[in-house]
Amino acid sequence: VHWNEIALEIAREVEREVMPLFGTPKAGETIGTNVSGDVTEYVDKVAEDVVLGRLQPLGVNVVSEERGFVDNGSDYTVIVDPIDGSYNFTAGIPVFALSFAVFRDKKPVYGAIYEFVPGNFYEAIPGEGAFMNGKPIKVRKPERGKEALSFYTRGRCTGLIEKVKRVRVLGAIAVELAYLAKGALDGVLDVRNYVRTTDIAAGALIAREAGALITDERGRELKLRLDATSKTNIVAVNDRYLLDLILEEL
Ligand code: IPD
Ligand code: CA
Ligand code: CA
């Protein structure tokens, strides 16, 4: 299976269906609650219908953010968030993306993030690296005192804000992990015990393949559960010293 082709086709089709709704009240209409108890907005449903419709003929298992686990007894499981950053989408803030990760048994085999507004397509294959629009990407080497961090802590370890130069909280962790991977951010942390595998599976793989360290809130290798409801913490950084700096504050 050519996962890259499938992911890009799905991304483009979601883009065609959802972009006319960008920044409109219609996009944000509540149409129910999802498997983790969050509201499903109209745009989430439109996007998810496209994704599930496309994946269905492949017979793979799917874990998607709104509908949850669809078990087809396959070795392959696709973990997908059709729109990460729904709030941004509806509010007209152009930071949101499709997140698409493929596992064979419990092992990741492919990850993709499509950031709709700039039209950037990020990918990773374990052991082969990370790419943006087909070109290899790498995390950058942070400069001490010049770090830029994305930061979800719900009031924990706010001392960290004083220790880094820039804090950017963009509201779509898939995008933020892609930015870490391409060297636009130095770290991404969410320690609210709030993010789900659907939010971060692709981003963690892409950032790791670009050279990032991806850990839990204690600095241990992050292990993801392949379901739609488990919540987790993530600390993702481009350098060991930054990990130590963060862990000290947590
Ligand atoms: C949200 C985004 C956001 C994160 C939230 C997620 P959604 O996803 O990833 O960055 O802080 O935890 O729920 O709901 O827009 O797909
Ligand atoms: Ca999400
Ligand atoms: Ca979503």
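View 1. Glutamate 66 is found in the loop that links S3 and S4; helices (H or I, at least four residues) and strands (E, at least two) are DSSP runs, numbered from the N terminus. This is a predicted model, in which local features need pLDDT of at least 70 and side-chain atom pairs count only at pLDDT 80 or more, while totals for chains, interfaces and linings use all residues. Residues are numbered from 1 along each chain as its sequence is written, and chains are lettered from A and ligands numbered from 1 in the order in which they are written. Is glutamate 66 buried or exposed? Glutamate 66 is buried, because 27 other C-beta atoms lie within 10 Å. A residue counts as buried if 20 or more other C-beta atoms lie within 10 Å of its own, as exposed if 12 or fewer do, and as partly exposed in between, with C-beta atoms placed from the backbone. Apart from neighbours within four places in sequence, glutamate 66 is in contact with Asn34, Thr40, Asp44, Lys45 and Glu48; contact requires C-beta atoms, placed from the backbone, to lie within 7 Å.

View 2. An open sheet of 8 strands has the order S4-S3-S5-S6-S7-S8-S9-S10, with mixed pairing; two strands pair if DSSP finds at least two bridges between them. S4 and strand S10 (135-137) are the edge strands, each pairing on one side only. From one strand to the next, the twist averages 20 degrees. S9 and S10 run antiparallel and are joined by 3 bridges. Methionine 132 has lysine 135 in S10 as its bridge partner. Helix H1 (residues 3-18) packs on this sheet and touches S5, S6, S7 and S8, and its direction makes about 150 degrees with that of S6. Axes are lines fitted to C-alpha atoms, for helices over the stretch in contact, and angles run from 0 to 180 degrees between N-to-C directions.

**View 3. The contact between the domains.** The protein chain is assigned domain 1 (3-137) and domain 2 (148-249), with bounds from an automatic or database domain assignment. Taken over C-alpha atoms, the centres of domain 1 and domain 2 are separated by 20 Å. Domain 1 gives 36 residues to the contact and domain 2 gives 24 residues. On the side of domain 1 that touches domain 2, the elements that each supply at least two residues include strand S5 (76-84), helix H3 (86-91), strand S6 (97-104) and strand S7 (107-115). The residues of that side of domain 1 comprise 22 nonpolar, 9 polar and 5 charged. Here Ala, Val, Leu, Ile, Met, Phe, Trp, Tyr, Cys and Pro count as nonpolar, Asp, Glu, Lys and Arg as charged, and the others, Gly among them, as polar.

**View 4. Strand S13 and its partners.** Strand S13 (residues 187-196) has 7 of its 10 residues buried, so it is largely enclosed by the rest of the structure. Strand S11 (residues 148-152) pairs with S13 in the parallel sense over 4 bridges, and tyrosine 152 stands opposite aspartate 190 in S13. With strand S15 (residues 231-237), S13 runs antiparallel, joined by 6 bridges. The bridge partner of leucine 189 in S15 is valine 235.

**View 5. Two residues with positive phi.** Asparagine 193 is placed in strand S13. Its phi is near 50 degrees, a positive value in a residue other than glycine. Asparagine 193 counts as exposed because it has 10 C-beta neighbours inside 10 Å. Arginine 154 lies in the loop between S11 and helix H4 (160-163). Phi of arginine 154 is also positive, near 45 degrees. Arginine 154 counts as exposed, with 10 C-beta neighbours inside 10 Å. Most residues other than glycine have a negative phi.

View 6. All 10 of the 10 residues of helix H5 (residues 173-182) are buried, so the helix is largely enclosed by the rest of the structure. Among them are Ile173, Glu176, Tyr179 and Lys182. Glycine 183 follows H5 and has a positive phi, near 85 degrees. Helix H6 (residues 197-209) has 13 residues and reaches 17 Å from its first C-alpha to its last, close to the 18 Å expected at 1.5 Å a residue; the expected span is 1.5 Å times one less than the number of residues. In H6, 13 of the 13 residues are buried, so H6 is largely enclosed by the rest of the structure. Glycine 211 follows H6, with a positive phi near 110 degrees.

How values were computed
Two residues are in contact if their C-beta atoms, placed from the backbone, lie within 7 Å.
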